[in-house]
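Dear colleague,

Please find the structure below, handed over together with some notes on what was found in it. I would be glad if you could read the notes with the model open beside them.

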Amino acid sequence: MIASRSWLWVMLAVVLIPMLATVVVATSVSFTGGPFTGGVTLDWLALGLELLAPTLLRSAWVGLVVAGANLLVGGPLAWWASRSASRVARAVSYLATVPLAVPGIAISVALIGTYAELRPSGLLLIVGHIVFTLPFTLAALTPVLASERLAECEQVALTLGASRVRQVLTITVPWCTVAVVQAVAMSYALSYGEFNISFFVNAPASPTAPFALFDAYQTRRLELASAMSVWFIVSLLPVFAVLVALRARMHERSLT
């Protein structure tokens, strides 16, 4: 117990210390001489929000589209993979997880070489993010849909005369609500922060937030780049809050 708590504090330190350092740099008038050289200011944060806001909105829009597409594609695919014992279903589920073992650069090169005409419209960016995030959606949904207890509840509903549609709406969907929300939140967050595919596939005229941050650290002052990083982290806090709440809900369910 003591060892696990110690590791927890170590992990919190690994995550929180760089974030606190970023806030310190972003609120320093000048960081060239150390923290808060010249005093404290919020000007960098104001300018960082002004510069980053368009890319945050663009990344949010892409993330929402990708999350919705993951649900539309990954939901039926996870249901089929969890209910079918055929070799085709197993093969498709295995193929869907292949992107986990392939570097993002390789995925980007393959997509550009095959569907280069889709790149200017931004559609290729969305396709690349779906390919990257779909395995995580399947990992969240397939085990839940394969639950023997869920299958028993569905069978009871059928024996009581419930139609297939009613069974799905009253049994399957409520049972999978936590997993569905988790899959949507994860696919959104992964798409929102994805850099490799966005860097190679996306048109430079419409950068996403991760690319804007990369460019800021290459070409702008450290204080401004840090301020933009602070806003990027803040924009993801609601998603992290949802994931933490879901983890607590899953823990409560396991205890009941």
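This is a predicted model: local features need pLDDT of at least 70, side-chain atom pairs count only at pLDDT 80 or more; totals for chains, interfaces and linings use all residues.

The crossing of α2 past α8 is right-handed, which is to say that the near helix is turned clockwise from the far one by less than a right angle. On the α2 side the contact (heavy atoms within 4.5 Å) is made by L56, S59, A60, V62, G63, L64, V66, A67, N70 and L71, and on the α8 side by V180, V184, S187, Y188, S191 and Y192. These residues of the contact of α2 with α8 divide into 11 nonpolar, 5 polar and no charged, where Ala, Val, Leu, Ile, Met, Phe, Trp, Tyr, Cys and Pro count as nonpolar, Asp, Glu, Lys and Arg as charged, and the others, Gly among them, as polar.

Helix α2 also packs against helix α3 (residues 87–96), at an angle of about 135° and with the axes 8 Å apart, which makes α2 oblique to α3. The crossing of α2 and α3 is left-handed, that is, anticlockwise in the sense of the definition. L77, W80 and A81 of α2 meet V88, A89, V92, S93 and A96 of α3, and the residues of this contact of α2 with α3 comprise 7 nonpolar, 1 polar and no charged.

As for the chain as a whole, its secondary structure comes to 11 helices and 2 strands, these being DSSP runs numbered from the N terminus (helices H or I, at least four residues; strands E, at least two). Of the 256 residues, 36% count as buried, meaning under 20% relative accessible area with a 1.4 Å probe, protein chains only.

On conventions, residues are numbered from 1 along each chain as its sequence is written, and side-chain values use heavy atoms, with hydrogens and water left out. Local features need pLDDT of at least 70 and side-chain atom pairs count only at pLDDT 80 or more, whereas totals for chains, interfaces and linings use all residues.

Conventions
Buried means under 20% relative accessible area, exposed over 50%, partly exposed in between (1.4 Å probe, protein chains only). Axes are lines fitted to C-alpha atoms, for helices over the stretch in contact, and angles run from 0 to 180 degrees between N-to-C directions. Angles under 35 degrees count as roughly parallel, over 145 as roughly antiparallel, 65 to 115 as roughly perpendicular and the rest as oblique.
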